[in-house]
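Hello,

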Amino acid sequence: MSSITGKKIIVVGGSSGIGFGVAAAALERGAEVVIAGRSSDRLKAAEIRLAEAGRVTGIAADMANEADVARLFDAVGAFDHLVATAGTPPPNDPIGETDMDFVRGFVDGKLIGAVMLAKHAVRTLNKGGSMIFTSGINKDRPPVPGGSVVSAVAGSFSYFARALALELAPTRVNIVSPGWVDTEMWDEIVGAAKTGYFNEMGARIPAGRIARPADIAPAYLYLMQNAFMTGETIHIDGGQRLV
Ligand SMILES: NC(=O)c1ccc[n+]([C@@H]2O[C@H](COP(=O)([O-])OP(=O)(O)OC[C@H]3O[C@@H](n4cnc5c(N)ncnc54)[C@H](OP(=O)(O)O)[C@@H]3O)[C@@H](O)[C@H]2O)c1
């Protein structure tokens, strides 16, 4: 396994949740980390929380906006690993009530955004580097009703990575697919009902509890460090796909 000490890592979505966990874990191992997200306030707050762990910089960028994405990579210059965890709450209406503007916004922010990140990352990604995108349990256990769009988008990432891994070789491209993780996104989606959802699901899954971002971060670190992993999807869900 190669080390990430001294490597430069961009975490798009690093101001919160899973991305924040990846940023913290990478800093602890001596990497230099750039976190990106839309809100400058959220980035500043995250930078303050992460600063003790190492060298971290926040850059405001919306991955649904190509000019922002281009500016992000121009500002960072040469780097070693791209991690994309950014995402927003998915559409969850029954198909007959689908709000198409909301669906387009979700797909833009997640899938089109990933394509734009890859397009611009190749300009400055160092030899030996990698890209890691984030999928999720919704492709395996779609919420019913209302899970079709998020399932389709999350499911597409494995195929995106397989094709890109071939096209960009020897640059490696991989996916992390988490189960439920206790992050700020859940506060936005279900608010105070979060504890009830987590208690119920935590009791059902083999791991016996819902993940924290720190449980998921090692999967990203492993994919950065193992030079033989490419075109692959790592499921890290405490056995949630089994129940
Ligand atoms: N939490 C779970 O249970 C879970 C399970 C499986 C998969 N996932 C997936 O994992 C990803 C991360 O989830 P999370 O729970 O960590 O969410 P989170 O805590 O809400 O964090 C999302 C991060 O993405 C950023 N972001 C959102 N839209 C962006 C955009 N267009 N451009 C740049 N940055 C953007 C946010 O910052 P700004 O809002 O400031 O932009 C924030 O830093 C999501 O795609 C989610 O679907 C989550």
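Let me begin with a pair of helices. Val103, Phe106, Val107, Lys110, Leu111, Ala114, Val115 and Ala118 on the α4 side touch Val149, Val150, Val153, Ser156, Phe157, Phe160 and Leu164 on the α5 side. Sorted by class, this contact between α4 and α5 holds 13 nonpolar, 1 polar and 1 charged residues. Before going further, please keep in mind that this is a predicted model.

How are the two helices set against each other? Two packed helices are described by the angle between their axes and the distance between the axes. For α4 (residues 100–121) and α5, the angle is about 10° and the axes are 11 Å apart. Angles under 35 degrees count as roughly parallel, so α4 is roughly parallel to α5.

Helix α4 also has a contact with α3 (residues 66–76): their axes come within 9 Å and cross at roughly 35°. The crossing of α3 past α4 is right-handed. From α3, the residues involved are Glu66, Val69, Ala70 and Phe73, and they meet Met116, Leu117, Lys119, His120 and Ala121 of α4. This contact of α3 with α4 comprises 6 nonpolar, 1 polar and 2 charged residues.

The other helix pair on my list is α1 (residues 17–28) with α8, whose axes come within 8 Å and cross at roughly 60°. The two helices are therefore oblique to each other, and α1 passes α8 in a right-handed crossing. Here Gly17, Ile18, Gly21, Val22, Ala25 and Ala26 of α1 meet Pro213, Ile216, Ala217, Tyr220, Leu221 and Met224 of α8. By class, that contact has 10 nonpolar and 2 polar residues, with no charged ones.

Now to the empty space. Rolling a probe the size of a water molecule over the atoms shows where empty space is left. How many cavities of 30 Å³ or more are there? The count comes to 1. The largest cavity holds about 30 Å³ of space, and its lining is made of Met63, Ala84, Ala86, Lys110, Ala114, Phe133, Thr134 and Phe157. Lys110 and Ala114 of α4, together with Phe157 of α5, also take part in the α4 and α5 contact described above. Both α4 and β5 give at least two residues to the cavity lining, which divides into 6 nonpolar, 1 polar and 1 charged.

Of its 14 lining residues, Ser2, Gly128, Gly129, Arg172 and Ala227 are the closest to the centre. Two or more lining residues come from each of β4 (79–84), β5 (125–134) and α8 (213–225). The largest share, 3 residues, belongs to β5. In terms of class, the lining of this pocket has 4 nonpolar, 6 polar and 4 charged residues.

Most residues other than glycine have a negative phi, and most peptide bonds are trans. In this model, a cis peptide bond joins valine 144 and proline 145, with omega about -5°. Proline 145 sits in the loop between β5 and α5 (148–168). Another cis bond links alanine 169 to proline 170, with omega about 10°, and proline 170 is in the loop between α5 and β6 (172–178).

Best wishes

Terms used: Residues numbered from 1 in each chain as written. Predicted model: local features only at pLDDT ≥ 70, side-chain atom pairs only at ≥ 80, totals over all residues. Heavy atoms only, no water. 1 Å grid on protein atoms, 1.4 Å probe; cavity = no way out; pocket = protein on both sides within 12 Å on 5 of 7 lines; lining within 4 Å. Helix = DSSP H or I, 4+ residues; strand = E, 2+ residues; numbered from the N terminus. Nonpolar A, V, L, I, M, F, W, Y, C, P; charged D, E, K, R; others polar. Axes fitted to C-alpha atoms, helices over the stretch in contact; angles between N-to-C directions. Parallel < 35°, antiparallel > 145°, perpendicular 65-115°, else oblique. Contact = heavy atoms within 4.5 Å. Left-handed = near helix turned anticlockwise from the far one by under 90°. Points joined across faces, edges and corners; volume = space filled by probe spheres on them.
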